Amino acid sequence: MTTEVVAVRAGTSYREMAAMFRKHRVSGFPVVDDDGKVVGVVSETDLLAVQAAAPEPGAHPAPRVWHPHRKQLTVDQATAGDLMTHPAVTVGPDEPARNAARLMHALKLQRLPVVDSGGHLAGIVSRSDVLAVFSRPDEEIRREVTQDVIADGFFTDPARFTVTVQDGIVTLEGAPGSAVLGAGIADQVRHLEGVVDVRDRFTYPDASGS
């Protein structure tokens, strides 16, 4: 993780944040309270949503940006507290990189604030930080899935399945014959070194028997 983190307060204005994004060349900031506890995350996308609603010179005023459960906002009114996603999705400093990678993949997040046991900001981890840990080649992962897991671990012919690996994400396809076998294979694959996520696309028998 990166320990030197630029954070903002809930009251930080839109224009201040826009300047900070340009200066620090990042795509998001943790939002902290007066005690340094993370209360949310604000991103460039959040700011762009407000800017997109701003009227062009000479044009009729554009409608204000509307967010469910939030007040309507303009560039001059918006603050980090208005725009942030909250509560923030965070991880602890001892969280395994595998878990952080899966969390970012599942929630389509670019970064995760790292907080201590009291919820105080300790750092931030990005996708590039996490993926650096998973430097194992995709083809090597695929070989372990087909040979070590499917063939040697479950005594099943790997030719029955299609296994693809891209950026550490394993997709399993085919007909394992039973839900127990399919779930067992998928579970074992999830624990392999370098695996970020597993997409279980197996075709299972109809439980109704029809």
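Visitor: Let me start with strand pairing: which residue stands opposite Val-170 in S8?

Guide: Two strands pair if DSSP finds at least two bridges between them. Here Val-170 faces Val-198 in S8, and the pairing of S7 with S8 (residues 197-202) is parallel, with six bridges. To get from S7 to S8 the chain passes through helix H7 (residues 179-190), in a right-handed β-α-β crossover. Right-handed means that, with the strands pointing away from the viewer, the path from the first strand over the helix to the second runs clockwise. Helices (H or I, at least four residues) and strands (E, at least two) are DSSP runs, numbered from the N terminus.

Visitor: Before we go on, what kind of model is this?

Guide: It is a predicted model, in which local features need pLDDT of at least 70 and side-chain atom pairs count only at pLDDT 80 or more, while totals for chains, interfaces and linings use all residues. Residues are numbered from 1 along each chain as its sequence is written, and side-chain values use heavy atoms, with hydrogens and water left out.

Visitor: How many helices and strands does the protein chain have?

Guide: The protein chain contains seven helices and eight strands.

Visitor: What should I make of a positive phi?

Guide: Most residues other than glycine have a negative phi, and most peptide bonds are trans. Asp-167, a residue other than glycine, has a positive value, and at 56% relative accessibility it counts as exposed. Lys-108 also has a phi near 55°. Lys-108 belongs to the loop between H4 and S4, and its relative accessibility of 67% makes it exposed.

Visitor: And which residues does the cis peptide bond join?

Guide: His-86 and Pro-87 are joined by the cis bond, with omega about -5°. You will find Pro-87 in the loop between helix H3 (80-83) and helix H4 (97-107).

Visitor: Why is S3 described as largely enclosed?

Guide: Five of the six residues of S3 are buried, so the rest of the structure largely encloses this strand. In S2, look at Pro-30, which is buried at 1% relative accessible area. Pro-30 lies eleven residues from Val-41 in sequence, with 4.5 Å between their C-alpha atoms. Not counting residues up to four places away in sequence, Pro-30 touches several residues, including Val-5, Gly-40, Pro-113 and Ile-124; contact means heavy atoms within 4.5 Å.

Visitor: Lastly, what volume does the largest pocket have?

Guide: The largest pocket holds about 270 Å³. Among its 16 lining residues, Val-41, Ser-43, Thr-85, Leu-109 and Arg-111 are closest to the centre. A pocket is an open set of points on a 1 Å grid over the protein atoms alone, where a 1.4 Å probe fits, with protein on both sides within 12 Å along at least five of seven lines; lining residues have an atom within 4 Å of a point. The volume is the space filled by probe spheres set on the points, which are joined across faces, edges and corners. S4 gives the largest share of this lining, three residues.

Note on methods. Buried means under 20% relative accessible area, exposed over 50%, partly exposed in between (1.4 Å probe, protein chains only).
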